[in-house]
Amino acid sequence: MTFWRTTIGKKMVMAVTGVAMLVFLVLHVAGNLLVFVGATKLDAYSAFLKQQAVVLWTARLVLLAAVVTHVTAAYQLARRDHAARHTAYADLDPQTATIASRSMRVGGIVIAVFVIFHLLHLSTGTLRPAPFVATHVYANVVGGFRIWWVCAIYFVALAAIGLHLYHGAWSWSRTLGLSRPSATPLHRPIATVVSVALWAAFTSIPLAILVGFVR
């Protein structure tokens, strides 16, 4: 608890939980890209996951714990930052800050709302802009992304996730002391590749369905 109460402790927890969520995103998009192979493969993959109940629920609980801890630490750090400076700088000229770093808090809220929408849309089928059958994952995905406003929600949210990943993929190693300060702090090749690759992979799915490439 002493470690958790410190600022660096909260930042390190955010870094570790952020890496856990990044690993999940990589695995998640790898499975989702089966939509390009066809209904048989994607539905079979979904059925296989459901058969591994113990592994699946263990992963879900770990992910839930990571998300809750990450959000809690972010909220507490934001409150601590606000308490330390009630008055904004008269002249702010950021040297290494990026759009991604300056939008982390707003982007985090957008992502949190989107995750709820996404679960209600394609996991539980509570929100049904298109017909939903729990065992027909391919049909659910294709049917949902044929609707333009559903795609619009995903495009905005995925852009926020891409920005969040860009900053997170760069800052986690700095926070954990695994990388040293650079003479060119805005040169972030690994963070760029990771964030752009994941953003493009996720975005390609609703885009391909919306334009009719996947039916």
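1. Basis. The model is predicted, so to speak, by rule: local features need pLDDT of at least 70, side-chain atom pairs count only at pLDDT 80 or more, and totals for chains, interfaces and linings use all residues. Residues are numbered from 1 along each chain as its sequence is written, and side-chain values use heavy atoms, with hydrogens and water left out.

2. Confidence. The chain averages a pLDDT (the predictor's confidence in each residue, from 0 to 100) of 90, and 90% of the residues score at least 70. Where pLDDT is low, the predicted coordinates should not be read in detail.

3. Make-up. The chain has nine helices and zero strands; both are DSSP runs numbered from the N terminus, helices being H or I of at least four residues and strands E of at least two. The C-alpha trace spans about 55 × 35 × 30 Å along its principal axes.

4. Of the 215 residues, 32% are buried, where buried means under 20% relative accessible area, exposed over 50% and partly exposed in between (1.4 Å probe, protein chains only). Contact means heavy atoms within 4.5 Å. Of the contacts with a separation of 6 or more, 72% join residues 24 or more positions apart.

5. The pair H8 and H9. Helix H8 (residues 148–175) packs with helix H9 (residues 189–210) at an angle of about 170 degrees, and their axes are 8 Å apart. Axes are lines fitted to C-alpha atoms, for helices over the stretch in contact, and angles run from 0 to 180 degrees between N-to-C directions. H8 and H9 are therefore roughly antiparallel, the term for angles over 145 degrees.

6. Their contact. Residues of H8 including Trp148, Phe155 and Trp170 meet residues of H9 including Ala191, Trp199 and Leu210. The contact residues divide into 17 nonpolar, four polar and no charged. Nonpolar covers Ala, Val, Leu, Ile, Met, Phe, Trp, Tyr, Cys and Pro; charged covers Asp, Glu, Lys and Arg; the others, Gly among them, are polar.

7. Two residues. Ser173 lies in H8 and is buried, at 15% relative accessible area. Beyond its neighbours within four places in sequence, Ser173 touches Leu178 and Ser179. Thr192 lies in H9 and is partly exposed, at 34%.

Key. Parallel < 35°, antiparallel > 145°, perpendicular 65-115°, else oblique.
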